[in-house]
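Visitor: Hello! Could you help me learn to read salt bridges in a protein model?
Guide: Gladly, let's look at one together.

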Amino acid sequence: MTDSTDLDELLIAHAAGHLTEAVALVVATHLCLCPESRRRYRIYEALGGLVLDELGPEDVGAVCRARLFAALEEEASDPDCACSDPGEDPLPLPLRPYFSTRLAAAGWRHCGAFAELPLAVGREPRAKLRLLRLEPGASVPAHGHEGLELTLVLEGGLCDRDRILRTGDLGIADASIVHAPRAETDSACLCLMVANGA
Ligand code: ZN
């Protein structure tokens, strides 16, 4: 499970278009993988649209109800966009435009039991956004953060403090947190990470 308070703040900021491109890409990828976040995101989008429409107070009730019900009804026909072909790289749709080669042929930096692949997004520094691949049981060295760090598990499981993040789960760490995330012992783990101010 994901920290719902922080995650909701991210979803609201994403719906309002307030996130940087790199952070927005991580949140969009999480939305592809998490039906519950998609359901909440549609509600935030609907509520945000109401504000933009600047409707009079007498109109908000009916329109709000209609939009919320429409948002909730979309869930029944809501397809996720995760890769379902086992022969392909495990990349959800939002990430695929950023890769011109197969993952195995990309320019990974190997650091012992883990490897990282910096990604270029817009005009933001390459080091801010990266894929991280951990061998089974491997840990990221203990570290703190100068800003927000998001870790989205794309494949495998990641033990982060008292939680186990699985495919689609989003770990949120801020400047108050020191941690050393570790892959579960029975499988490798592929993550998408972004750090603001780190
Ligand atoms: Zn961290």
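Visitor: What do the side chains of Asp160 and Arg161 meet in?
Guide: They meet in a salt bridge, at 3.6 Å from N to O. The term means a side-chain nitrogen of Lys or Arg within 4 Å of a carboxyl oxygen of Asp or Glu. Bear in mind that this is a predicted model, where local features need pLDDT of at least 70, side-chain atom pairs count only at pLDDT 80 or more, and totals for chains, interfaces and linings use all residues. Residues are numbered from 1 along each chain as its sequence is written, and side-chain values use heavy atoms, leaving out hydrogens and water.

Visitor: Is Asp160 buried or exposed?
Guide: Buried means under 20% relative accessible area, exposed over 50%, and partly exposed in between, using a 1.4 Å probe and protein chains only. Asp160 counts as buried because its relative accessibility is 5%, while Arg161, at 46%, counts as partly exposed.

Visitor: Which residue forms a salt bridge with Glu184?
Guide: Arg166 does, and the closest N and O atoms are 2.6 Å apart. This pair links distant parts of the chain, 18 residues apart: Glu184 sits in the loop between β8 (182-183) and β9 (189-195), and Arg166 in the loop between β6 (163-165) and β7 (170-173). Strands here are DSSP runs (E, at least two residues), numbered from the N terminus. Glu184 is buried at 16%, whereas Arg166 is partly exposed at 42%.

Visitor: How many salt bridges does the whole structure have?
Guide: The search finds seven. Some form a network that links Asp8, Glu36, Arg39 and Arg40.

Conventions: Helix = DSSP H or I, 4+ residues; strand = E, 2+ residues; numbered from the N terminus.
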